[in-house]
Every structure is written in C-alpha cells, then in structure tokens.
Amino acid sequence: MSPLMVGFIGIAILMALLMSGMPIGVSMGLVGVGGLWYLLGPDVGLSILKTAPFDAIAKYGFAVVPLFILMGSFCFQSGVSKNLYHAVNAWIGHFRGGLAMATVGACAGFAAVSGSSLATAATMGTVALPEMKKYKYDPALSTGCIGAGGTLGILIPPSVVLVIYGILTEESIAELFLAGIIPGILEAVFYIITISIVCRINPKAGPAGLRSSRKDKLMSVKETWPIILLFTIVIGGIYAGIFSPSEAAGIGAFAALVIALVQRKLNWKNFVLALDDTTKATGMIFTIMIGAVILGYFMTTTRLPFDLASVVSGWEVNRYIVFGAILIVYVILGCVMIPMAMVILTIPIVFPLIQSLGFDGVWFGIITVRIFEIAQITPPVGMNVFIVRGVAPEIPLTTIFRGIVPFFIADVIHLTMLIVFPQIALWLPSLLR
Amino acid sequence: MSTGRAFNKGDRLIYLVTISVSRIGAGLLVGMMLLITCDVFFRFLFNKPVPGTFELVEMMMSAVVSLSIAYCGYRRGHVAVELFTDKLPLKTQNFINAVHYLVCVAFFTAIAFEVAWQAQVIKESETVTALLGIPIYPFIWVLSIGAALLALVYLLHVIEILRKGASQ
C-alpha cells in the first residue's frame, strides 16, 4: 500500500474514532502512532511517544494560550461584564429591542478582553437574561441574541483560536488580530440590525426598556474603564511595538489581575476559581495539541497534505469550487466539534492546499473562525446554545434554536460578504505590512 | 459496601492529588505571567530584559500543561464528540465509554513510560537550556508523572462505570 493510501485510511479511522466518542486528542494520537507503526515499524511508532509530547508543549509561543485564558478568567471573576452590560443598556435600552442590542454590544466589549466564545456566552447569559425576562422579552429573542453574541468572543481580538491558527500556519498573530477587528464589529452591527428587524416584525418580542437619565448614562460609561484600559494595553502595546503578542498575554493577565485587585473585585476564592478554570482549559487544549503533533508526524510521513495540495491545485477548476468544498466539510465537522479542536485537527491538512490555491492565509484564518462560530449556534451540537441552556434551564432547546434562526441568516450574509470582499478583513493588516 | 468505600477513598485521594498538582501548575502560570511582565517592563524602561526569559517560559509552560492534564481529566474536561453515542441505550453507552477510557489508560500509560525513558536519555546526555544551563530532564519527568496521573484518572472512570453496572 502506498503511504498516501495509508494516510487516507488513517483519516477514515480517525473520523470513525472521533464519531464513536473517543476523546479528540487520544483519537489523533492513536492514529498517529498506529500509522507510523504500520509504515515504519513498531520501534518508530512507539518512539514518537518519547519526544512528541514534550516537544508539543515546551514552546514559548504557546504560553500565550493559557495566559489569555487567565486574563479572561480574571475579568470573568471580577464581574466587569456586568458593568459593561449596564453601560450599553443605559444608552440604548430604551429602544425597541434595546436590551437585546445592549447584550450584543456588551458581548462585543467582553470579547475584547476574553478569547473564548463560551465564556462570553456564559457571562452574558447570567447578566442579561434576567433583565430581559423582567421586561417580558420573547425567550427566543433573548436566548438567541446571547448565543449568537457569544460567538463574537473568538473573532474580536484577543482570540485564543486565532493564536493557535497563527502558530500552526506561521501567519503573523498581530495581523490576524487586526484582521478580526472590522469583521467582528460588523458582525455585532449585523446582529443589532437583526434584532431591530425582529422587533419591527413582532413588537412584542422586545419591548422598550426605561430611559436612563443623562447622569446615569455618563456614570455607567465610567464603570467600563477596566475593559477599555485592558484592550488598549494589550492591543495598543502589540501595535506600538512595545511587546509581542506572546508577551501581550502575560501583560494582559497581569493588568487584569491588578485592575480586579484595585477595584476590590477579586478575593482569594475567586482568584483560585479563575486559576482552576484556566488550568482545566489548558489541559484540554494541550492534550489535543499533543495528539495533533503525533498525528502530524504520521501525516508528514505519508506526504498527504502536500500531495493533496499539489493534486487539487493541478485540477483545472475554479479555486472557489475547491474553497466551497472545504467550507462544506468545515460546516459538517464544525457542527460536532469545538472550534479549537477543529483548527488543530484540520489546519495542518487544509492549509497547504489553501496556500497552493493562492488564498491569503490571514483572510482564511478569519473565514475559518467565522465558520466554526456559526457551527457553535447551529443544531445538533451548538455549544453556545448548550451554555445558554445551562444558564436558563427552563427555556426549551427548540425555543433557543428558533431564536437563533434570524442571527444565523445574518451570519450567512456576513460570511458571504467576507468571502466576496476579503478587504474587510485585510484592510487593517495591510496598513501594517 | 466495603468496595464502595474503598472506591470513594481512592477517588478522594486521586482528586486531592490531581487538584494539588494542578494548583502547583497554576502557581507556575502566575509565575510565568510575572516573569513576562518583568521582562517587558525592564526591557522597556531600562533596555535590560530579564535574561533567559524565553527558555524559562518554555520549561514553565511544559510544566503547566503536564500538571493540568490530570485535573482536566478529573473534571471531565477532555472533549469528545458525544453526538452519535448519546442516543444509544445507556448500557451500550456505558460499554463504549468503558472501552474508550481503557484505551485512554493504555495511551497515557504508554506516554508516561516512553517519556520517562526519554527523560533518562536526556539526563545521561546532560542536556541543558542554552543560556541559563537549566537541566531539561526534570521537566520531562514532570510530563511523565502528569501522563501517569491522567491514566489513573481514566482508570477511575472505568471502575466507576463497572461499579454502576454491577449495582444496577
């Protein structure tokens, strides 16, 4: 059997293992060891376990992942999201659907200090849902906007998924972060337009809230300084050239800690909780990474990623047809897996192909993140939907998914726009190049 | 039931070990954060970065991950695709899970052994980090211990399923 064929069989077995419910990292590791064992003998197959796991984790560049998670956890535990929500609410809550719009706005703001979509959805769920319930919002709209708004977390920088993408593809993390800003803001705007359309069709879905006094408005803005400061330090520091994206994560976590302490929002218990959540997430991500590195050795031995790239780019078809095929595979896989696992699993195989077709690597990073985000809110396994459900167990899943539909339509339009006009993502980084 | 008590005791012990180990990892993570902050601070203000930050972070990073994987396993944090199996009858699900966990036990035991072997090789070759000359092998040992702990956690999952099956 040719190595290439072994590679394809390996991928088929990997898919079968994943679908059977085997932990993702272990599935990848097993196929990697098994494939190398078959191709190069048992000695090589097992000896990969000697070096690959340590090489996979002892990397300076990876320190950015737990540190950005830590920064988000500190912000989560110190309750900055609550102030953020109240601030946006004070300004737009009195519009029809205003509380839902405020939720999206606050999600975008929290995304600027958190790298994860689930944390954003969970935080906003606990803060905004009771408020919308009080004003008798349609549960479909209130849960839908939180589920969708949560996905902003991994597009607006800092984003842990974009960091991993950057490390795997050797694209610049600074450029990826910049590329996420305009699409992220646009996405929030799209969601706000969606809410106003939903409320126009059905005014009962989102009744207007109370109008705040000018004093309250100004006071509420003052309460958001930690988020603005943190975002300015982290993103500003990177682009002013004071520190690298890897260092920015350390500085950001430190600044988040200091801000929380100054505000007296963090006690020992919260501090330990933030650390425990961070180590748990770190263990999860890097077990997958260890599996991916082992699988990577096998894939490289079969030459599958490179051969696939050269074969497909040799076809005389429009490159957007191949791109479309990749999108379809992504949508299917994205429906059953979390974005982080998806990126680590597919990028080493797909990226050489995308490059050989002449697509921009930074742009493709944004598209990848967008697709996996959309998958987070679609059935059957929209993780964000489950998070919202975890916060509001009395609302049936079908209601939440019904509430998601308008946002899903907005997502499809947004994604199409990003594909047709790559400049939306690439304009900001082009200023840096 | 005495086996139940023994299991609970074992479970409690493993929990205490994994959480303690993970908290050591958390401490290292905080250390890493402070180190990077100091490095940037001194470089920016006095043009004098902290020497060896790069390799220190690499070693600390490896320890943070090594010490957190077992805790993540204890909190059932390692993600899997559960969509296709959660519609099956409970007994079938339990069987599949038990098989998966056993495979995980084998996988992480293998890693623990191979990595420990490698640590010995690295120790004998006296490999150290480039600038500060820190020996690398202890960090490889830490990974071996972390993998062994995770294998134990998975073994605990298997026993739990078997116990539930027996009591039903």
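Visitor: In which helix is A:Leu257 found?
Guide: This is a predicted model, in which local features need pLDDT of at least 70, side-chain atom pairs count only at pLDDT 80 or more, and totals for chains, interfaces and linings use all residues. Residues are numbered from 1 along each chain as its sequence is written, chains are lettered from A and ligands numbered from 1 in the order in which they are written, and side-chain values use heavy atoms, with hydrogens and water left out. Helices are DSSP runs of H or I with at least four residues, numbered from the N terminus. On that basis, A:Leu257 belongs to chain A, in helix α13 (residues 245-262).

Visitor: Is A:Leu257 buried or exposed?
Guide: Buried means under 20% relative accessible area, exposed over 50%, and partly exposed in between (1.4 Å probe, protein chains only). The relative accessibility of A:Leu257 is 11%, so the residue counts as buried.

Visitor: What area is buried between chain B and chain A?
Guide: In this interface, 54 residues of chain B are in contact with 55 residues of chain A. Buried area is the accessible area (1.4 Å probe) that two parts lose on being put together, summed over both. Carbon and sulfur atoms give 78% of the area, which is about 4,800 Å².

Visitor: How many salt bridges are there between chain B and chain A?
Guide: A salt bridge is a side-chain nitrogen of Lys or Arg within 4 Å of a carboxyl oxygen of Asp or Glu. One of those between the chains pairs A:Asp277 with B:Arg75 at 3.4 Å, N to O. Between chain B and chain A, the count is four.

Visitor: Why does the salt bridge of B:Arg23 and A:Asp276 join two chains?
Guide: The closest N and O atoms of B:Arg23 and A:Asp276 are 2.6 Å apart. The pair joins two chains because B:Arg23 lies in helix α1 of chain B, whereas A:Asp276 lies in helix α14 (residues 268-302) of chain A.

Visitor: How many residues apart in sequence are the parts that A:Glu187 and A:Arg370 tie together?
Guide: The side chains of A:Glu187 and A:Arg370 meet in a salt bridge of 3.4 Å, N to O. A:Glu187 lies in helix α10 (residues 173-201) of chain A and A:Arg370 in helix α18 (residues 361-376) of chain A, so the parts tied together are 183 residues apart in sequence.

Visitor: Which residues do salt bridges with shared partners join into one network?
Guide: A:Arg370 also forms a salt bridge with A:Glu373, with the closest N and O atoms 2.4 Å apart. Both A:Arg370 and A:Glu373 are buried. Through shared partners, the network joins A:Glu187, A:Arg370, A:Glu373 and A:Asp411.

Visitor: With which side chain does that of B:His157 make a polar contact?
Guide: B:His157 is placed in helix α4 of chain B, and at 5% relative accessibility this residue counts as buried. A polar contact is a pair of N or O atoms within 3.5 Å; within protein, one must be able to donate a hydrogen and the other to accept it, and residues adjacent in sequence count only if both atoms are side-chain atoms. At 3.1 Å, the partner of B:His157 is the side chain of B:Arg76.

Key
Contact means heavy atoms within 4.5 Å.
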